Amino acid sequence: MKMILTFFLLLSFGITHAQKHSLAKLWSTDSVVATPESVLPDSKNNLLYVSLIDGGPWDVDGKGGIGHMTNMGTNYDSLWITGLNAPKGLGMYRDKMYAADISNVVVVDIPKGKLIKKIPIEGASGLNDITVSDKGIVFVSDSKTGRIWRLEDDKPGLYLENVTGANGLKAVKDGLIYAKGPALMFADDKKQIKQIADIGHDIDGIEPVGNGDYIATSWPGYIYYVYANGQTELLLDTHDQKINTADIGYDQSKRILYVPTFFAKRIVAYQLK
C-alpha cells in the first residue's frame, strides 16, 4: 500500500510540474539588425521599435540609435534616431519615447522622429532598462551602480539602491517588478519588497503575461516562464548557439514575444503557447 501511495504521489508531482507553456517560432529577420538590445512593440501602429547598440555594449561612441520595423519583421529602418551611445532599454508614454543611454535618459518626440532632450542621471555609468508607468513615471536601472532611478516630470530621483545585478524593469499597476541578479523582485507603492522567483540566471527582460505570471530572459540565451507562485519553466535555451536573448517585447493581445538577439543581430518572434 505504501508503494502504491508513493507512486501516485510521484505521478501527481510530475503532472503538476509538467511543461505547460512553449514558444513556437513565427519569423526571424536576417542578421542585419545593428546589435539590438531592446524591442518595444507599438501595437497601435503595427511597429517594433528597436534599440541599436551598433558598437561596444558600453561605449560612448555616438554609433547607437533607435530603429523600427513592422511587427512582421519587414521594412527595417535603422536610421530613425541616430547619434546615441549604446542605447538599451526603451519605454513609451503618449507621444514620447525614453531610452537608456549609459548616463542619460534620452527623450524622443515619436511623431517627429526627433531627439528632444537628454536627462543626465547623477553618477550613472551603466543605464540599462527603462519602463514607464501608466501615469508617465519613468524608471531606469543602472547595472553598474546597482541603483534604480525614478523620473517624474523628467526630474530624476533615486528610487532603490544596493540592487546587485539591477537590470530588467516593468512598471505594473501596484508597483515595480525588477531584476536583482537572478531574482525577480517586486516593490509596491510603499517600496515594501518581496521576491517573486529566482530563475538561476541573471535576468534581463521582463514582461507580464497576465494572472501575475511573467516571462523573463537571461542575456546568454535563456527564456523562462515565471508563475506568480515562483515556479519557473524553461521556454528556450539558445546559449550553446551563442544566440542572446536580451530585453524582450511582448504583445499581450496576440501572445507574441519579440526577442532581440544582440550579437546575433536578429529580431525573432515567437508565439507563446
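**Entry 1**

I count Ala, Val, Leu, Ile, Met, Phe, Trp, Tyr, Cys and Pro as nonpolar, Asp, Glu, Lys and Arg as charged, and the others, Gly among them, as polar. I am working on a predicted model, where local features need pLDDT of at least 70 and side-chain atom pairs count only at pLDDT 80 or more, while totals for chains, interfaces and linings use all residues. Residues are numbered from 1 along each chain as its sequence is written, and side-chain values use heavy atoms, with hydrogens and water left out.

I looked up holes next. On a 1 Å grid over the protein atoms alone, a pocket is an open set of points with protein on both sides within 12 Å along at least five of seven lines, and a cavity is a set of points where a 1.4 Å probe fits but cannot get out; lining residues have an atom within 4 Å of a point. Points are joined across faces, edges and corners, and a volume is the space filled by probe spheres set on the points.

The largest pocket comes to about 680 Å³. I found 29 residues lining the largest pocket, with Leu40, Pro41, Met92, Lys170 and Tyr250 nearest its centre. Strands E2 (36–42), E6, E10 (127–132), E14, E18 and E22 (249–251) each give two or more residues to this lining. A strand (E) here is a DSSP run of at least two residues, numbered from the N terminus. Which strand gives the most to the lining of the largest pocket? That is E2, with five residues. By class, I get 15 nonpolar, six polar and eight charged residues in the pocket lining.

**Entry 1: the cavity**

I asked how many cavities of 30 Å³ or more there are. The count is one, and the largest cavity holds about 30 Å³ of space. Its lining is Pro41, Asp42, Ser43, Asn46, Leu47, Leu48, Asn71, Asp251 and Tyr258. E2 and E3 are the elements that give two or more residues to this lining. I sort the cavity lining into four nonpolar, three polar and two charged residues.

**Entry 2: strands side by side**

Strands of a sheet pair through backbone hydrogen bonds, either parallel or antiparallel. I call two strands paired if DSSP finds at least two bridges between them. Four strands form an open sheet in the order E2-E3-E4-E5, and the pairing is antiparallel. E2 and E5 (77–84) are the edge strands, each pairing on one side only. Neighbouring strands in this sheet are turned by 20° against each other on average, direction ignored. For that I use axes fitted as lines to C-alpha atoms, with angles from 0 to 180 degrees between N-to-C directions.

E3 and E4 pair over six bridges, antiparallel, and leucine 48 has methionine 69 in E4 as its bridge partner. I also checked E6 (residues 90–93) and E7 (residues 96–101), which pair in the antiparallel sense over four bridges. Leucine 90 stands opposite alanine 99 in E7. E6 and E7 form a hairpin with two residues between them, and arginine 94 in the turn has a positive phi of about 55°.

Most residues other than glycine have a negative phi. I went looking for exceptions. Aspartate 54 is not a glycine, but its phi is positive, about 50°. Aspartate 54 sits in the loop between E3 (47–52) and E4 (64–70). I get a relative accessible area of 33% for aspartate 54, so aspartate 54 is partly exposed. My cut-offs are under 20% for buried and over 50% for exposed, with partly exposed in between (1.4 Å probe, protein chains only).

Lysine 191 has a phi near 60°, again positive in a residue other than glycine. Lysine 191 lies in the loop between E16 (183–188) and E17 (193–198).

**Entry 3: salt bridges**

Side chains of opposite charge can pair when their charged atoms come close. I need a side-chain nitrogen of Lys or Arg within 4 Å of a carboxyl oxygen of Asp or Glu to call a salt bridge. My search of the whole structure finds three salt bridges.

Lysine 117 and aspartate 154 make one, at 2.9 Å, N to O. This pair links distant parts of the chain, 37 residues apart: lysine 117 is in E9 (114–120), and aspartate 154 is in the loop between E12 (147–152) and E13 (155–160). Is aspartate 154 buried or exposed? Aspartate 154 is buried, at 17%, whereas lysine 117 is partly exposed, at 35%.

Arginine 150 and glutamate 152 make another, at 3.0 Å, N to O.

Glutamate 207 and lysine 170 also meet in a salt bridge, at 3.3 Å, N to O. Glutamate 207 is in E18 (206–210) and lysine 170 in E14 (166–172), so the pair ties together parts 37 residues apart in sequence. I note glutamate 207 as buried, at 11%.
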